[in-house]
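This report describes, for a reader who is new to protein structures, how some parts of one chain are packed against each other. Please keep the sequence and the 3D view at hand while reading.

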Amino acid sequence: MYFKNILITLIFLAFAGVNFAQSSAITLKAEKKTAAPGTKVCINISADNFIKMLSTQYTLRWDPKVLEYTGVQGFKLPFLTKDNFGTIGIKKGFLTVVWIENNLKGADLANGAAMYQVCFTVKGKAGSTSSIAFSPTPTPYEAVNSKEQLAKVSVVNGSVSVK
């Protein structure tokens, strides 16, 4: 019985410092805009509850018949550059995003503040629409805070309506 109690205590102590619970959720948001055919449109990608975050990853999707990817700009997170974006799928209408705060201190962003912009040339006809949708494929949703806890990721998709 004595050894059983020691074993249970050791197991408890081994897992005492491990936090399996998720921290609070972050919400990723894409803006809704209207644009004319042939024009450039940039969509703000923002977040809510982005507090002491170490990393985040996801995929953005759009209709390549309506929008042609031209780039990303306006980086507001530390260490976020064009190198954090995987462009291999842009002809198919998707862009992968992986960001890490390299100092490992965590970054904050005011609710609704843009993390960056994704830009397109509108090639669809008037009356067409493309969603700007967050997707867990091929890059799955993930967000980690400075306590190295996973944060639940919720999304609010945007769109571009062609006028």
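Tyr-116 has its place in strand 9, which covers residues 114-122. The model is a predicted one, and every value below is computed from it. Because its relative accessibility is 1%, and buried means under 20%, Tyr-116 counts as buried.

Which residues surround Tyr-116, once its neighbours within four places in sequence are left aside? The contacts of Tyr-116 are Ile-43, Asn-44, Ile-45, Tyr-58, Leu-60, Val-72, Gln-73, Gly-74, Phe-75, Leu-80, Phe-85 and Val-97. One of these, Asn-44, is 72 residues away along the chain, and yet its C-alpha atom is separated from that of Tyr-116 by 6.1 Å. With Tyr-58 there is also a polar contact, in which the two side chains come to 2.9 Å.

## The nonpolar core

The largest nonpolar core has 37 residues, and those that touch the most other members are Ile-45, Met-115, Tyr-116 and Val-118. Strand 9 gives the largest share of this core, with 5 residues. Val-118, when residues up to four places away in sequence are not counted, touches Val-41, Cys-42, Ile-43, Ile-45, Leu-60, Tyr-69, Gly-71, Val-72 and Leu-95.

## Aromatic pairs

A pair of aromatic rings is described by the distance of the centres and the angle of the planes. The structure holds 7 aromatic pairs, and the table gives two of them.

| Pair | Centre to centre | Angle between planes | Kind |
|---|---|---|---|
| Phe-50 and Trp-99 | 5.7 Å | 45° | tilted |
| Tyr-58 and Phe-134 | 5.4 Å | 70° | edge-to-face |

Phe-50 belongs to strand 4 (residues 50-61) and Trp-99 to strand 7 (residues 94-100), so this pair ties together parts that are 49 residues apart in sequence. Both Phe-50 and Trp-99 are buried. In the other pair, Tyr-58 lies in strand 4 and Phe-134 in strand 10 (residues 129-135), so parts 76 residues apart in sequence are tied together. Tyr-58 counts as buried because its relative accessibility is 1%, and Phe-134 counts as buried at 6%.

## The disulfide

A disulfide is a covalent bond between the sulfur atoms of two cysteines. The structure holds 1 disulfide, formed by Cys-42 and Cys-119, whose sulfur atoms are 2.1 Å apart. Which parts of the chain does the pair link? Cys-42 lies in strand 3 (residues 40-48) and Cys-119 in strand 9, so that distant parts of the chain, 77 residues apart, are linked. The link of Cys-42 and Cys-119 is right-handed, with 110° about the S-S bond. Cys-42 is buried with a relative accessible area of 13%, and Cys-119 is buried with a relative accessible area of 1%.

## Thr-59 in strand 4

Thr-59 has its place in strand 4. Is Thr-59 buried or exposed? Thr-59 counts as buried, because its relative accessibility is 0%. A polar atom of the Thr-59 side chain lies 3.0 Å from the backbone nitrogen of Thr-139. Not counting residues up to four places away in sequence, Thr-59 touches Phe-94, Leu-95, Thr-96, Ala-133, Phe-134, Ser-135, Thr-137, Pro-138 and Thr-139.

Technical notes: Residues numbered from 1 in each chain as written. Predicted model: local features only at pLDDT ≥ 70, side-chain atom pairs only at ≥ 80, totals over all residues. Heavy atoms only, no water. Helix = DSSP H or I, 4+ residues; strand = E, 2+ residues; numbered from the N terminus. Buried < 20%, exposed > 50% of the residue type's maximum accessible area, 1.4 Å probe, protein only. Contact = heavy atoms within 4.5 Å. Polar contact = N/O pair within 3.5 Å; in protein donor to acceptor, adjacent residues only side chain to side chain. Phe/Tyr/Trp six-rings, centres within 6.5 Å; stacked < 30°, edge-to-face > 60°. Core = buried A, V, L, I, M, F, W, Y, C linked by side-chain atoms within 4.5 Å. Disulfide = S-S within 2.5 Å.
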